[in-house]
Structure formats: structure tokens, C-alpha cells
Amino acid sequence: MARLANVSRRIRAESIRPQVAALVVALAGFGSCASPAPPRPAVPPAPIVLAGTEYAAPMLRAQILAFRELYPQADSIVLQPNGSAEGMEQLVNGEVGMALMMRDLTEPEVEAAVTKDGLRSFPIAWDAVAVVVHPSSPIQQLSRSELTQIYSGAVTDWSTLGWRRGGAIMAITGGPRLGLYGFGEQALLADSAYAATIYALDTEEEIARVVSERPNAIALLSRPFVTDRIRPLHVSAAIGFPYVPFERGAILERRYPLLRSLAFATPLTPRTGAADFVTFVSSAEGQRIVARHGYAPATVPVRIVRTVEEGE
């Protein structure tokens with residue numbers, strides 16, 4: 001009886017298998033006839049973030065707007081105004097796609113860039129750094145050599161520079177987070193440190209305010225912050241060289257001695273949209289925008305035509 005029961009179970013099992021197989025085939029056939037899933041909408045790429053110093057923001061916004069109008073299908077560019085040092089840190093850390101440099105890289109930045117497989121830089125403009133004093137100051141001009149003496153601490157009294165009753169010099173620059181600070185070190189001090197007596201203020205608005213209130217003050221200041229409450233000096237490349245006024249023509253022709261380069265920094269292999277934007281800013285159209293905002297173009301020649309009225 002036990003053997004008959006086993007045979008009966010085997011027969012029932014074998015009779016079930018074809019039904020299971022038929023069910024599997026039917027399900028497979030049903031799946032092959034189903035409509036394909038609808039395509040998912042393409043996700044637009046994340047915007048390319050450009051870290052740029054606050055005072056260059058108007059020029060950068062104009063470039064972004066013109067680029068978008070000409071190339072509406074290109075990756076969008078988003079400006080993130082901040083300090084020069086913050087921008088470079090963000091670029092090295094991969095937090096932004098581009099940064100605007102307003103000075104040469106420092107050694108720590110170079111080392112960090114090498115560690116991150118390097119950076120590329122693309123000069124786009126030149127800008128002037130003014131040397132400003134109080135309007136009542138009798139000082140009209142200084143050479144770069146004399147500025148070096150002031151900011152290195154070798155000269156601390158105005159009498160040394162011809163102002164007998166000027167008293168102690170109150171020399172000012174921007175704080176370490178501003179590109180102005182690094183520019184002064186590189187342009188005047190050959191990358192040496194400022195003297196301990198130099199005042200480093202956090203913002204350029206504060207620099208302009210202090211100079212407007214202190215007759216014995218002198219400061220380095222970015223061009224857009226020069227107002228009629230302070231007076232820019234004529235500057236010469238060295239003692240004995242011509243003194244050049246802080247004027248638009250001298251800046252555009254690059255005759256003014258205290259010029260600094262503005263350059264875009266990107267990863268060694270930037271995103272296509274970032275490369276396209278750099279190409280646009282370097283083009284004739286982009287360089288016209290540079291000039292309209294008071295900077296000297298870096299990638300196209302400049303010719304200033306003076307009218308008869310201007311000559312007179």
C-alpha cells in the first residue's frame with residue numbers, strides 16, 4: 001500500500017508540472033506584449049557656479065546675461081559673490097565650477113591645486129588699484145619704490161616724503177580674505193609680509209571711509225571704491241619714471257603702474273559650459289563688456305580715439 005501511495009503522488013506531481021510550465025510561458029508572453037514604460041524627462045544639468053569678488057559682480061552679471069542671450073541652450077552660470085580667498089578655496093574643494101582670481105596664486109593655493117590635479121587660468125581683464133589719500137593731503141604723487149617703503153615699514157612718517165607736518169603715516173590695505181591684501185604683498189613687497197604697523201580692514205568700503213576721515217591716512221583701494229571723498233595719487237613705476245594719473249585712459253592703455261590681472265580659474269578639465277563661457281568672455285563681444293565696466297581688456301587690443309574737443 002505504501003508503494004501504491006508513492007506512485008500515486010508521483011503521477012499527480014508529473015501531471016501538475018506541464019500546467020506550471022504553461023503558466024510561466026503565459027506570463028512571459030504577457031510581459032513581452034506590454035507597452036514600454038514612458039521615457040523619463042531629462043534632468044537639466046546643475047548650474048555652473050562662478051565664485052567672484054563682490055566688486056566685480058556687475059561686470060560678471062553683464063557677461064552672464066549676454067552669454068545666456070546668445071547661447072540659451074548652454075549650461076546656466078550662477079554668480080556667487082564672495083571674497084577672492086573664499087572663491088579659490090571653494091574651487092580647490094570642488095564646491096564651485098569657476099572662480100575669479102584677482103592676484104597670483106599663493107604657495108598654499110598652488111600646493112592645494114596640485115593635490116587636486118591642478119587648475120587652469122584664463123586672463124580676461126586688467127584692473128587698477130588706486131593709492132588714495134585724504135583730499136586735504138599735500139601729497140600728490142608717489143613711486144612704487146616709496147609705496148614699498150611705506151608698506152614694509154621702512155618709512156613711517158610723512159616728513160620723510162616731503163610733508164613736514166604730516167606726522168605718522170596711517171597705511172591701510174584690505175584684510176587677508178580680500179584679493180587686495182595679496183595684491184599688495186605681491187606687487188609691492190615681493191611676497192614678503194606687511195609691516196606690523198599696517199592696518200588691514202575687512203571691507204573696502206571701510207577703507208574708503210577711514211581715509212576720508214583721517215588726513216594722515218594712505219591706502220590701497222580697488223578702482224570701483226574710489227569716490228570724491230578721497231583722492232587717488234599719481235603713481236610712477238619707480239623713482240625717476242613719469243607719474244601716471246589714475247584715469248580711465250591710462251588704465252585702458254595699461255600705462256598705470258598698479259594693475260592686476262583678472263582671470264578665471266577652472267579645474268584642469270572644466271565642464272563644457274564653463275569652457276564656453278570663458279571663450280565668450282575672451283571674445284570681442286565679451287571684451288567690450290569688460291571695457292564698458294572700466295577694466296582694460298586682456299585678449300583684444302585697445303585703441304583710444306580722442307576727439308578734437310577732448311584734445312582741447
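## Aromatic pairs

Nine aromatic pairs turn up when the whole structure is searched, and keep in mind that this is a predicted model. Let's look at a couple of them. Phe 67 and Tyr 71 make a tilted pair, with 5.5 Å from centre to centre and 45° between the planes. Why does that count as tilted? The angle of 45° falls between the cut-offs, because planes under 30 degrees apart would be stacked and planes over 60 would be edge-to-face.

Phe 67 is buried, because its relative accessibility is 2% and the cut-off for buried is under 20%. Tyr 71 is partly exposed, with a relative accessible area of 45%.

## A pair across the chain

Next up are Phe 264 and Phe 277. Their ring centres are 5.7 Å apart and the planes meet at 40°, so this pair is tilted. Phe 264 belongs to strand 11 (residues 259-267) and Phe 277 to helix 9 (residues 272-282), so the pair links distant parts of the chain, 13 residues apart. Both Phe 264 and Phe 277 are buried.

## Charges and rings

Rings can have charged neighbours too. Which ring does the charged end of Arg 223 sit over? That would be the ring of Tyr 295, with the charged end 4.5 Å from the ring centre. Arg 260, in turn, lies over the face of Phe 183, at 6.0 Å from the centre of the ring.

How values were computed. Residues numbered from 1 in each chain as written. Predicted model: local features only at pLDDT ≥ 70, side-chain atom pairs only at ≥ 80, totals over all residues. Heavy atoms only, no water. Phe/Tyr/Trp six-rings, centres within 6.5 Å; stacked < 30°, edge-to-face > 60°. Buried < 20%, exposed > 50% of the residue type's maximum accessible area, 1.4 Å probe, protein only. Helix = DSSP H or I, 4+ residues; strand = E, 2+ residues; numbered from the N terminus. Lys NZ or Arg CZ within 6 Å of the ring centre and 35° of its normal.
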